[in-house]
Amino acid sequence: AGESDSAAHELSQRGEHAARGQAAHSLGPPLSRLQNLEVLVRDQPGNVDLYLELARLYLARGRDYEAERLLARGRTATERDPRLEEFAEDVTMLRLAKKVSAAQKEAEADDTPAAREGLASVVRERDRVEIEIFLERCRRNPGDLALRLELGRRLAWAGQLDQACERFEEA
């Protein structure tokens, strides 16, 4: 009798597992890590770590624009958490670097005045934004001399040599 009881119990458990499997299957496939994070960010909008992890996943999948948008939402939801601020700035610089690279390729492939001007315009935009970012970082962290050095580099690349020299002297 003991053997038939354990066999019945095992069949019962198999049936429960199968029923649970059917129920889960009827709800659709399990969510991916990215989908889970999207749900968690929506449900926990003040959780900085979730924004950072999801943004990193977006970047790893080449979804830079979505990472930038997510971080903008996160900055608002977390009252401009410094970690999100800096990561958002990094993503902005990454996206601008990609724009410059694309414009360079276009200018090399189609060496016309319009393509060269397009490249120059994107470079000016990148320089302007990076200078703004490093000015803000220096303001947030006045004692960080490495930031002043980076600001000096950006100013030099943009042709603002007098200001660059000032920053290099400060660093």
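A: The crossing of H6 and H7 is left-handed, a term for a near helix turned anticlockwise from the far one by less than a right angle, clockwise being right-handed. Helices here are DSSP runs of H or I with at least four residues, numbered from the N terminus. The model is predicted, so local features need pLDDT of at least 70 and side-chain atom pairs count only at pLDDT 80 or more, while totals for chains, interfaces and linings use all residues. Residues are numbered from 1 along each chain as its sequence is written, and side-chain values use heavy atoms, with hydrogens and water left out.

Q: What makes H6 roughly antiparallel to H7?
A: The axes of H6 (residues 113–140) and H7 (residues 145–157) cross at roughly 160° and come within 9 Å. Axes are lines fitted to C-alpha atoms, for helices over the stretch in contact, with angles from 0 to 180 degrees between N-to-C directions. Angles over 145 degrees count as roughly antiparallel, under 35 as roughly parallel, 65 to 115 as roughly perpendicular and the rest as oblique. H6 is therefore roughly antiparallel to H7.

Q: Which residues of H6 and H7 meet?
A: Among them are Phe 134, Leu 135 and Cys 138 in H6, and Leu 147, Leu 151 and Trp 157 in H7; contact means heavy atoms within 4.5 Å.

Q: Why is H3 described as roughly parallel to H5?
A: Their axes cross at roughly 15° and come within 10 Å. That angle therefore makes H3 roughly parallel to H5. The crossing of H3 and H5 is left-handed.

Q: Is Glu 89 buried or exposed?
A: Buried means under 20% relative accessible area, exposed over 50%, and partly exposed in between (1.4 Å probe, protein chains only). Glu 89, at 7%, is therefore buried. This residue lies in helix H5 and, leaving aside neighbours within four places in sequence, is in contact with Ile 133, Glu 136, Arg 137 and Arg 140.

Q: How are Cys 138 and Cys 165 classified?
A: Cys 138 has a relative accessible area of 8% and is therefore buried. Cys 165, at 41% relative accessibility, therefore counts as partly exposed.

Q: How many disulfides does the structure hold?
A: The structure holds zero disulfides, a disulfide being a pair of cysteine sulfur atoms within 2.5 Å.

Note on methods: Helix = DSSP H or I, 4+ residues; strand = E, 2+ residues; numbered from the N terminus.
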